[in-house]
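Hi,

Here is the structure you asked about. Please open it alongside this email; my notes follow.

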Amino acid sequence: MSGEVAYLDHAATTPLREGAERAWLEAVHQLRECPGNPAALHDGGRKAKRLLEDAREKIAHCLGADRAEVIFTSGATESNALAIVGSFRAMRAKTGRNIVQVCAADHPSSWNQRTLIEREGGRWVPVNLNSDGTAQVDDIDPAAAIISVTAVSSEIGVLQPVGQIASARGDALLHVDVAQALHTQTIALHADNLDLITVAGHKIGAPVGIGALAIKRGTPLETDRPGGDQESKYRSGTVDVAGACALAAAITEVTDERERFSRHCMALRERLLAGLPSGVKLTTDAPTAPTIVHLSIPTAHPEAVLLGLDRHHVLASAGSACHAGVTRPSRVMLDMGRTEAEALGVLRLSFGPTSRAEDIDAFVSALPEALRGAQALDALDVRATGGKQ
C-alpha cells in the first residue's frame, strides 16, 4: 500500500496481486496478437480455449475438484444466486423438495435470494445462529432441497461448522461460499462432501468481475441464463479468458502461501487486540478466521468512527449497513440475540497480503479520538430525546 494509508478493509476487496496482474496481461497480449473467442474452431479460438482450460485446471486443483466441475462467473454474487436458486429449481423438479436453508450469517448475495425463492413457491427456512454467531446445526433439515452456508462469515469472521452441516444434511444439496475462507482454509469439493463452492476473485487478489462456481458432477442445477451454452450450459456468454487466467494465478498463490499468511494475520490480530482501548472488545469468542476482527464499540454511531478513522488515513468498515445516511443495526448481530444498540456499535477490521504492523498501530492510535467524536453524537442523541432512546 502507499505511504500513510492503513488499509484494513480487505474483506470488502483486496488489492490486485502482482501475479494475477501478470497473468492477466500475458493473456491479453496473447489474445491481441492472435485474437479468438474460446468457442471458435480456428487457431485463435483454440489458443484462447487452451488459456481458459489451463486456468480452469489450476482452479479445480485448488478446490479439490475436477476441471469439468468448474465454471467461470462474474463473482460471488452471481455464483451464490446460481447455486441457490438453480439448485432449488432443479431439485424441486427432480424430487419435489422445496425447502431452502441459508445460514443467518450469510452474505446478502445468498440471503437476499429469499424473495425469489418464496415467489416461486419455495419454503425459506433459515439456519439460525447461536449467540456466538455459529450456525445451529440442529436446524439443518435433511429434507431440504439446498442448504447454503459461508465457510467464514464476511461480517463477523466466524468459522462456520461446515463439516457438521455436511454430516447432518442427508440428501440435501450443500453449497458453501468460500469467498472469505480461501486465504486460511483448505476447501475441497469432494473430500469435504460438498456439492457447490463459490469463489470471488477480488477477495483473493484477482480483478473485480471474475469468479467461479464449482459444481460436483451430477448435481441438479438449472441455469438462469439460457443462451450460447458456454460453461457446460450453466452460464452462457463469452468467457473472460484473461480474467480467468488472473483468477487462476491468484487462487494458486493463495493456496501456496496459506500457512504463512495465516501466521502473519494471527500476529496482526494479537497486536490489534493488545492495543484496544477500554470498552472496545471482540464481538464473539467463537473461532474466527485470522483475517477478520469484529469489534463491539461503545457508540450508536459507527459511521462517525469510520469517518474519524478515515481522517487519519485508516480505512475500515462497520458491520451495519448504511442506507441513505441512516445507520441500521446489523442483521447478523440481531440474529445472534444482541440488542439494537449492540447491533449498531460494531467495527470490522480485515487483513490481506499487504497488511502491516504499521497499519495496526495507526488504527490503535486513531481509534480513541474517532470514538470520542462518535460518543459526542451519542450525547446529543440523549439530549434530543430527553434521555429516552
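A residue counts as buried when its relative accessible area is under 20%. Keep in mind that this is a predicted model.

Start with Leu52. It sits in helix α2. Its relative accessible area is 2%, so Leu52 is buried. Beyond its neighbours within four places in sequence, Leu52 is in contact with Pro38, Phe72, Glu231, Val239, Val241 and Ala244. Ala27 lies 25 residues from Leu52 in sequence, and their C-alpha atoms are 9.5 Å apart.

Among the buried ones are Val241, Ala244, Cys245, Leu247, Ile251 and Val254. The buried residues of α7 pack against α1, α2, β2, β7, β8 and α8. The length of α7 also checks out: its 16 residues should span 22 Å at 1.5 Å a residue, and the end C-alpha atoms are 23 Å apart, which agrees.

Now α1 against α7. How do α1 (residues 18-33) and α7 (residues 241-256) cross? Their axes come within 8 Å, at an angle of roughly 155°. Angles over 145 degrees count as roughly antiparallel, so α1 is roughly antiparallel to α7. The crossing of α1 and α7 is right-handed.

On the α1 side, the contact is made by Gly19, Ala20, Ala23, Trp24, Ala27, Val28 and Leu31. On the α7 side, the residues include Val241, Gly243, Cys245, Ala249 and Glu253. By type, the contact of α1 with α7 has 12 nonpolar residues, two polar and one charged.

Best wishes

Technical notes: Residues are numbered from 1 along each chain as its sequence is written. This is a predicted model: local features need pLDDT of at least 70, side-chain atom pairs count only at pLDDT 80 or more; totals for chains, interfaces and linings use all residues. Side-chain values use heavy atoms; hydrogens and water are left out. Axes are lines fitted to C-alpha atoms, for helices over the stretch in contact, and angles run from 0 to 180 degrees between N-to-C directions. Helices (H or I, at least four residues) and strands (E, at least two) are DSSP runs, numbered from the N terminus. Angles under 35 degrees count as roughly parallel, over 145 as roughly antiparallel, 65 to 115 as roughly perpendicular and the rest as oblique. A crossing is left-handed if the near helix is turned anticlockwise from the far one by less than a right angle, and right-handed if clockwise. Contact means heavy atoms within 4.5 Å. Ala, Val, Leu, Ile, Met, Phe, Trp, Tyr, Cys and Pro count as nonpolar, Asp, Glu, Lys and Arg as charged, and the others, Gly among them, as polar. The expected span of a helix is 1.5 Å times one less than its number of residues. Buried means under 20% relative accessible area, exposed over 50%, partly exposed in between (1.4 Å probe, protein chains only).
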